[in-house]
Each structure stands twice: as C-alpha cells, then as structure tokens.
Amino acid sequence: MITGERMAAVDENAAALGVPRRQLMESSGNAVARAVERVADPGARVVVVAGRGNNGGDALVSVRFLDDYDVTSLLLGRPEAIGTDIARANWEALERGEYDIEPVTDSRSFSLPECDVVVDAMLGTGISGDLREPAASAARAINTADATVVSVDVPSGFDADAGEHADNGVVADHVVTFHDTKPGLEALEATLQVANIGIPRAAERFAGPGDVGLARPAERTGRAFVIGGGPYTGAPALAAQAALRAGMELAFVAAPDTVAGEIQGYAEDLIVQPYEGEVLTPDQVEGLVETAERHDDVVVLGPGLGTADETLEAARQFLETYTGPAVVDADALEVVPGLETEATLVCTPNRRELAGMGGPEADDLRVVTDEIETFAAELDHVVLAKGATDVISDGETTRISRAGTPAMAVGGTGDLLSGIVAGLLEHADPFTAATAAAYVNGRAGEHVADRHDLGLVASDLLEAIPAAIWGEDDE
C-alpha cells in the first residue's frame, strides 16, 4: 500500500532512474483501456471525463487504445489550461488525430452523453475535501448516469493519503489504480485492480529527488541548537552551518567558553552560546534542555563533544530529559542504546559507531540492511547509517541512498549530514527527513567533486546543499 504523497515521490524517483512520467502515462493509459475492455464489449459507447492534470492525461492516453469503441472525451476546462506538458501533449494528439473531443468551459453547460461506460479521470491523488466546480457538477452527472463507472487511479474526490472519500465524490464501480493500492480503496464498494505500469522497484528502495520533495522546506523557519564542541571545534560549526543551508532560520551552538570564540570565528552566521568549562558536564544539562524546549529547537547532539565520562553522562541526562526532536551524532551515539527518552531521535552513526552501539558490523552497509532494520526496531529510533552507501531505517521501512562520491571520505561530511537532517526535521517526519538528508548530502558531494575531486573538504559542500534541496533537475 502506498499513499498518494509517496506515490508522487516514487514517480519522481523513477524519472531520475530513467523512466520518465511520459512513459508511465502510456502504461497507465493502456491499463485504463484494458479495464474498459473488461467491462464492455467492442462497439460500446464510452465517455472519458478528464481533468487538466496527469490523471486526466492517463485517461486521454487510453482513448488511443480504444479504437474498437465509440469514445467521446470531455475535458473539464480549456485545453490551454492543462497543467502538465505530458497531459497537454496527449490532448493535442487526440486533437490532431481527429478523435471526438470536447472542452467543457462552463460547469453549467456540462451534459454527460448517454453511454455504457464513464471513465472518471477528473482528479487523482493529492486531492482532498469536497469537489468544487466543474468537477462537482460532473460527479453528480456521473453518479446519476445509467453507466458503468471506471475511475482512474482513485475515484474523483478520494483522498489517497487519508483514505477518505468526499461526500460529493464519484461513486465508482471499478477502480484501476497504479503500482500499488492506496489507503482506503479496499473499503469502497468497487472492483479494484492494481496495474503494474513499469515503475522500477528501485524507485521505492533507493532515495532520490522525490524523497527530497517530501521533506523540502516551503518556508524558512526553525532553530537548530547544536550541542557540541570542546575537544573539537570544527564539527559543531559545520553542523550548524549545514542546518542553515537546509533552510533553518537560526543556528545556535552551545559550547564550552574555552572554545566558543574559535567556533564563532568559523562563520559569522552562527550564534554561539558559551557555558563555563572545557567540556560538556551534567551541570549544563538543565539549562540546555530549558533553552531547547522553550524555543522548540531541533537539537543536534554530539559533534565534537568528546568521550569524557562526564560528557557522556551529560549527553545521557540531556536525552533522558529532553522531549523534542534531536539528531544524535558522533560521540553522543554511545549513550543511545538502552536509553529511556520521550525525545524523537534520528541517530547518524558511521560504520564504526554503528557497531559500537551494538548494531551490525560490515564494510558494506548494503549487505546488512536487514540487520540495520532490526537494530532500528530494537532502538525504537530512526537510524541513518553512514557509509559509501547510506542505509536509513525506522525499524519497519528501510531505504538506501547511493548518492555520494569516494571523495566524501573526509572528516566533517558526517557533521554536515547531521545539520541537514536537523534542517529537514523541522518540516518532515524523522524517517522522511533522514532519507532526504542522506540523498541531499550525497548530491552536494557529487556537485562539489566535479570541481575538487579527491581534494574536496567538507566545507566545500556547504554552498552545494541548497541546490541539492531546491535546484535539482534529474529528469
């Protein structure tokens, strides 16, 4: 089962793999035509009611496979307002082929011809709430017609994310849905067919631009609160800067006063909040938790903290007390196994850290994806295991990010990743944010490696992060 939102991401991932939406639309249209053939004999009267999106485009394709039928296609709206190039191209193909087509530009003039079959393709996935005009009038006509109704992907008015059907939605007799069933379709009193339209399994398994779309910030908001530094100063600065590049409004670094000035010197964009001491200790925990929760921060805990006993105890106490979202990285990962916390955690271990937490040990993380999924289930937190290939799991679903380059095997790229996760965690659930962040970090590295190759350093990736989130064009 797949939601409409996730299906759109899979479509985009498929395009990045070399299977464009135009090709998928051809397969979808063919599947719709086969569905019509199953419910009506050749020569039957068929009316296609198409919207101006890709759902309508799927149905317009089906017309070319129904030459043995008497088909009329009604477009709800003006042809020039068709929303996608591929749907418009299929309308124009029918126009040039002198098929029986008619735009409906006024819902008051909508009239459904007498027919044996209605193909409902007004609205697809991604739509919620009651139908508005002209779809509302068309749905009334479809529902009162003495005809078999075949809906494309979902009945118009059906919310493929929530599994709910609008009161004035189309009542379908048959539904041909694509790739996988959608939540709630089985509950409808309709015959359901799931059509394989040629989407590669890799489009679901491997992280891609569609996953980034699910986590992409639509506005600049949120605060990153990086708790790190002491023995090391570059790591927290990189994580905080990456969070800013990923769309956060502000990035704070809480660090010992002995190194606060040094961290501030890396970037004027950072806000450094010093505390007394040379390393993090339990004395600072109460104040740090209060700050993070008062401002609804996304915390990044671990970069550059070090492994002093008092520091690890402080990290444990922080996570036991804190109740918000946090990315746990580097030295702080050691305290996560067995931890009781109300915080929402994304853990980002490298291969060595993963093994140290009690997870599987392997040079190639892809070999142990099942073990990582089991480990994530035991932790009850999202795990983003970093390697030449990244593996992301929430204990139930596991994805793989192949993005990246060998040149990224340099100190600091993991710190960037933790900051990117934090930036996206402001806008998406932990698993979605982690999956997207792994891909974004890898794509940023690929962009930079084109110029620097093995001379790449982590800070080179900072300027490439926004393009990997907002400026990708993989199609």
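What you are looking at is a predicted model, and it contains 16 helices and 18 strands. Along the principal axes, the C-alpha atoms fill a box of roughly 85 × 45 × 40 Å. Look at contacts between residues with a separation of 6 or more, and you'll find that 70% of them link residues 24 or more positions apart.

**The seven-stranded sheet**

- Start with an open sheet of seven strands, whose order is S3-S2-S1-S4-S5-S8-S9 and whose pairing is parallel.
- Strand S3 (101–104) and strand S9 (191–195) sit at the edges with a single partner strand each, so one side of each has no neighbour in the sheet.
- On average, neighbouring strands here are turned by 20 degrees against each other, direction ignored.
- As a bit of background, the strands of a sheet pair through backbone hydrogen bonds, and they can do so parallel or antiparallel.
- S1 and S2 run parallel and are joined by six bridges; in that pairing, Val48 stands opposite Ser73 in S2.
- S2 is mostly covered, with six of its seven residues buried.
- Strand S4 (residues 117–121) pairs with strand S5 (residues 148–152) over four bridges, again in the parallel sense.
- If you want to spot one of these pairs, find Val117, whose bridge partner in S5 is Thr148.

- Helix H3 (residues 54–63) has nine of its 10 residues buried, so the rest of the structure largely encloses it.
- The buried residues of H3 are Asn55, Gly56, Gly57, Asp58, Ala59, Leu60, Val61, Ser62 and Val63.
- H3 lies across strand S1 (45–50), strand S2 (70–76), S4, S5 and S8, and it runs at about 145 degrees to S4.

**A closer look at Thr177**

- Thr177 belongs to strand S8 (residues 174–178).
- Is Thr177 buried or exposed? Its relative accessible area is 0%, and being under 20% counts as buried, so Thr177 is buried.
- The side chain of Thr177 makes a polar contact of 2.8 Å with the side chain of Lys182.
- Setting aside neighbours within four places in sequence, Thr177 is in contact with Asp153, Lys182, Leu185, Leu192, Gln193, Val194 and Ala195.

**The nine-stranded sheet**

- Another open sheet has nine strands in the order S12-S11-S10-S13-S14-S15-S16-S17-S18, and its pairing is mixed.
- Strand S12 (271–275) and strand S18 (398–401) are the edge strands, and each pairs on one side only.
- From one strand to the next, the twist averages 20 degrees.
- Helix H11 (residues 309–321) packs on this sheet and touches strand S10 (223–227), strand S13 (298–301), S14 and S15. The direction of H11 makes about 160 degrees with that of S13.
- Helix H15 (residues 430–452) lies across S15, strand S16 (382–385), strand S17 (390–393) and S18, and runs at about 170 degrees to S17.
- Strand S14 (residues 325–328) and strand S15 (residues 344–347) run parallel, joined by four bridges; Val328 stands opposite Cys347 in S15.

**Cysteines**

- How many disulfides does a search of the whole structure find? The search turns up zero.
- For reference, a disulfide is a covalent bond between the sulfur atoms of two cysteines.
- Cys347 is buried, with a relative accessible area of 0%.
- Cys115 is buried too, with a relative accessible area of 11%.

**Nonpolar cores**

- The largest nonpolar core has 60 residues, and Leu270, Ile420, Leu424 and Ile465 touch the most other members.
- Which element gives this core its largest share? That's H15, which supplies 11 residues.
- Not counting residues up to four places away in sequence, Leu424 touches Ala215, Pro217, Ala246, Ala433, Ala436, Ala437 and Ile469.
- Another core, of 41 residues, lies apart from the largest one, and its members include Leu288, Val335, Leu345 and Leu379.

How values were computed. Residues numbered from 1 in each chain as written. Predicted model: local features only at pLDDT ≥ 70, side-chain atom pairs only at ≥ 80, totals over all residues. Heavy atoms only, no water. Pairing = 2+ DSSP bridges. Helix = DSSP H or I, 4+ residues; strand = E, 2+ residues; numbered from the N terminus. Axes fitted to C-alpha atoms, helices over the stretch in contact; angles between N-to-C directions. Contact = heavy atoms within 4.5 Å. Buried < 20%, exposed > 50% of the residue type's maximum accessible area, 1.4 Å probe, protein only. Polar contact = N/O pair within 3.5 Å; in protein donor to acceptor, adjacent residues only side chain to side chain. Disulfide = S-S within 2.5 Å. Core = buried A, V, L, I, M, F, W, Y, C linked by side-chain atoms within 4.5 Å.
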